[in-house]
Amino acid sequence: GGSIGSELSRQLAANQPKQLVIIENNEYNLYRISNELSESFPTVPLATLLVDVSDYSELKRVFCSHTPDIIFHASAYKHVPLLEDQVFSAIKNNVLATQSLCDLAVEFKIKHVVLVSTDKAVNPTNLMGMSKRMAEIYTQNINRQSVTRFSTVRFGNVLGSTGSVLPLFRQQLKAGGPLTITDPKMTRFFMMIPEAASLILQSFLLGEGGDIFVLDMGDPVNIKELAEKLITLSGKKPYVDVDIKTVGIRPGEKLYEE
């Protein structure tokens, strides 16, 4: 139901799998993506399941009913400042859910599991990055003890994804401004949603187990310059028609990603 999971589902469905099983714990997100997939790919057998992946017993019932060959694990909480005060939820969804999924994958002898991770797991300075790094370590360790192949894919921010900066800027621009940035020096790596999903699929084909793939995100983008370009593209002048306001770095954030 999320940005990456939805696009992965589209690209997987386009390859005509024997069956596509999608799991989501948000009812509306599940309804939306299942409708879209049913309309766009009517010949692909689709199972849509309203399930919380952090619930081990619930997840095990899914494995008993639909034993997959390949699992793409894109479920995670990812909003850095929000998660700094949500330790229990971050660990439950980003770490323990991954552990449950990996343990069941081993038990049911699944061929391959791909963990979707983040560049924030590199030398993590926040709870979100730390929780994803824990998930990476778990998958790498369990890979050594099983026939199931586990691989990880890391990438940075995805333009237009839920909670990302671009939709926020658009919303602020529509309201007449100001556009808010945390620091004029802040940079981030960006890529498009379809590009990120297709590279996840490519890394799956390359994965031999225990790997961590780091996508080439190109050059980092200055957030202040991104705000200025967006204002200019809307036909207005930065700092004249629409202001840009610096609000300061929020909890868990750093100036640049690695």
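**A walk through the predicted fold**

Residues are numbered from 1 along each chain as its sequence is written, and side-chain values use heavy atoms, with hydrogens and water left out.

Now for the overall form. The C-alpha trace of the protein chain spans about 60 × 40 × 30 Å along its principal axes. Of the 258 residues, 46% are buried, meaning under 20% relative accessible area, while exposed means over 50% and partly exposed lies in between (1.4 Å probe, protein chains only).

Next, look for an open sheet of four strands, in the order 3-4-5-10 with parallel pairing. Two strands pair if DSSP finds at least two bridges between them. Strand 3 (70-73) and strand 10 (212-214) stand at the edges with a single partner strand each, so one side of each has no neighbour in the sheet. Strand 3 pairs with strand 4 (residues 112-118) in the parallel sense over four bridges; in strand 4, leucine 115 is the bridge partner of histidine 73. Helix 6 (residues 127-143) packs on the sheet, touching strand 4, strand 5 (149-155) and strand 10, where contact means heavy atoms within 4.5 Å. The direction of helix 6 makes about 155° with that of strand 4; axes are lines fitted to C-alpha atoms, for helices over the stretch in contact, and angles run from 0 to 180 degrees between N-to-C directions.

Finally, what about disulfides? A search of the whole structure finds zero, a disulfide being a pair of cysteine sulfur atoms within 2.5 Å. The sulfur of cysteine 64 is 17 Å from the closest cysteine sulfur, in cysteine 102, which is too far for a bond. Cysteine 64 is exposed, with a relative accessible area of 54%, whereas cysteine 102 counts as buried at 1% relative accessibility.

Methods. Predicted model: local features only at pLDDT ≥ 70, side-chain atom pairs only at ≥ 80, totals over all residues. Helix = DSSP H or I, 4+ residues; strand = E, 2+ residues; numbered from the N terminus.
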